[in-house]
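Please look through the points below with the model open beside you. They go from one residue and its surroundings to the fold as a whole.

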Amino acid sequence: MTTEPTFVLVPGGYLGGWVWEEVADGLRGAGAGAHPVTFTGMGDRRHLAGPAVDLETHVEDLVQILDHLEGERIVLVGHCYGIFPAVGAADRRGARVERVVYLDAAFPLDGYSVLELLNEREPDSPRQSVMRRHAVEAEEGWRIPAPTAEQWRGAATSDLDEAQLAWMVRRAAPQPLGTFTSRLHLTGAAAETPLTGVFCTRNGTSTAVAAELAATGDPRFAALTRPTSAFFDLDTAHFPMVSAPETLTEVLLRAGRGEGERLAEGVS
């Protein structure tokens, strides 16, 4: 019987379970379970996309997966956008989730949509400007086209070679607008679930940034300083499951064991 947990691998915007293929293989090779997720309307389920698909749809996708992984120790890994439905599902099935891993992801807050949280955290950033434009220019009022290679080039993909970037562009799907504009609603049922932050330093995030948030004293970030909260910095850009799958696999295995740097002693 394996001592490693089952990792539910939740992709970011425009992506599907396909982006986790190498990481999933590595986790299974180490004796862990791995369940890459493809949301409704994404990847090979893109034919199910429509104006009614929103954040709640993707939360329910994950809830159903958790309900069908009976008897497993589950670690939810949310990359970028994927942390929103991951946190939502953990809130509803907290007893099933052993840990939530935030992979180069924001810290979702109750009552905020993806766009609203980005506006609060990065009101003048280029990324916020792009997201705002997407919301206005969405095809048929609900479908955000997947990024082109030129649109994806930058800090987020700086460690991908041309073949890797072309692979992502070829397989990416349009994102339903409602997944970015509908609000996350949390009951607090999973507020004590242990968390791990995995930050991609070439994309501008790091454990130091998490420490700055915690040091503000804002009670919304109190979870960052709990003894069960742990952190890793990766010397990668935003898509380590593509650029550094072996490194990410090892970090996820360590996260599943509760390893990582703590902020509890270093934040006043």
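1. Trp 152 is buried, with a relative accessible area of 9%, where buried means under 20%, exposed over 50% and partly exposed in between, for a 1.4 Å probe and protein chains only. This is a predicted model, in which local features need pLDDT of at least 70 and side-chain atom pairs count only at pLDDT 80 or more, while totals for chains, interfaces and linings use all residues. Residues are numbered from 1 along each chain as its sequence is written, and side-chain values use heavy atoms, leaving out hydrogens and water.

2. Phe 239 is buried as well, at 4% relative accessible area. The ring centres of Trp 152 and Phe 239 lie 5.9 Å apart with planes at 85 degrees, so the pair is edge-to-face; rings of Phe, Tyr and Trp (its six-membered ring) pair if their centres lie within 6.5 Å, and planes under 30 degrees apart count as stacked, over 60 as edge-to-face and the rest as tilted.

3. Because Trp 152 sits in helix H6 (residues 149–152) and Phe 239 in the loop between strand E8 (230–234) and helix H10 (240–243), the pair ties together parts that are 87 residues apart in sequence. Helices (H or I, at least four residues) and strands (E, at least two) are DSSP runs, numbered from the N terminus.

4. Both rings belong to one aromatic cluster, formed by Tyr 14, Phe 39, Tyr 81, Trp 152, Phe 180 and Phe 239.

5. For the protein as a whole, the secondary structure comes to eleven helices and eight strands, and 51% of the 268 residues count as buried.
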